[in-house]
Amino acid sequence: MFERNYNIISAKYKKFLLPTVILSMAMYMSIIIDGIIVGNLIGPNALAAIALLIPITGLFSTIYWTFGIGGSVLSAIAKAERNEMKSRIYFSLSIISLLVIGLVIAILGFFYIGEISKVFFK
């Protein structure tokens, strides 16, 4: 009876593809430029420290992207199903989860910074 039309989804995908690619390129360019600046101004030890931290920042970004994008997708699906309450719950749950995870990471980082730095910079 109702046939799905994916033209809107395809158009939105094409609309957001270029900004997403540019965002990824900008992130990696900032890593390269940081490496050049730190390597030339501070030295090879500081450059090694930055190189060690890149996977850690990638891990944190992955956690935040997972909850942020996942929550927004679930919320959009619920909105498409005309279930406003479910959409609000998904959105609120993803925001609260991000805040709690960020707070836990900040607290653990504050109290265990000495141990963390010993592991990575021995």
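Met85 is exposed, with a relative accessible area of 57%, where exposed stands for over 50%, buried for under 20% and partly exposed for the range in between (1.4 Å probe, protein chains only). This residue belongs to helix α3, helices being DSSP runs of H or I with at least four residues, numbered from the N terminus. Between Met85 and Ala48 there are 37 residues in sequence and 49 Å in space, taken from C-alpha to C-alpha.

The model is predicted, and for this reason local features need pLDDT of at least 70 and side-chain atom pairs count only at pLDDT 80 or more, while totals for chains, interfaces and linings use all residues. Residues are numbered from 1 along each chain as its sequence is written, and side-chain values use heavy atoms, with hydrogens and water left out.

### The packing of α2 against α3

Helix α2 covers residues 44-80 and helix α3 residues 84-111, and the two pack at an angle of about 170° with their axes 7 Å apart; the axes are lines fitted to C-alpha atoms over the stretch in contact, and angles run from 0 to 180 degrees between N-to-C directions. The angle makes α2 roughly antiparallel to α3, a term that applies over 145 degrees, as against roughly parallel under 35, roughly perpendicular from 65 to 115 and oblique for the rest. Contact here means heavy atoms within 4.5 Å, and the residues that make it include Phe60, Ile63, Tyr64 and Phe67 of α2 together with Tyr90, Phe91, Leu98 and Ile101 of α3. By class, the residues of this contact divide into 11 nonpolar, seven polar and three charged, with Ala, Val, Leu, Ile, Met, Phe, Trp, Tyr, Cys and Pro counted as nonpolar, Asp, Glu, Lys and Arg as charged, and the others, Gly among them, as polar.

Ser87, which lies in helix α3, is buried at a relative accessible area of 2%. Leaving aside neighbours within four places in sequence, Ser87 is in contact with Ser75, Ala78 and Lys79.

### Salt bridges and the loop

A salt bridge is taken as a side-chain nitrogen of Lys or Arg within 4 Å of a carboxyl oxygen of Asp or Glu, and by this rule the count comes to two.

| Salt bridge | Closest N to O distance |
|---|---|
| Lys79 and Glu84 | 2.9 Å |

Within helix α3, Glu84 and Arg88 are four residues apart, so they are separated by about one helical turn. Lys79 is partly exposed at 43% relative accessible area, Glu84 is likewise partly exposed at 36%, and Arg88 counts as exposed at 53%.

In the loop between α2 and α3 lies Arg82, whose phi is near 65°, a positive value in a residue other than glycine. Arg82 counts as exposed, at 74% relative accessibility.

### The aromatic pair

Rings of Phe, Tyr and Trp (its six-membered ring) pair if their centres lie within 6.5 Å, and planes under 30 degrees apart count as stacked, over 60 as edge-to-face and the rest as tilted; the count comes to one aromatic pair. Phe110 and Phe111 form this pair, which is edge-to-face, with 5.2 Å from centre to centre and 75° between the planes. Phe110 is exposed at 63% relative accessibility, and Phe111 is exposed at 58%.
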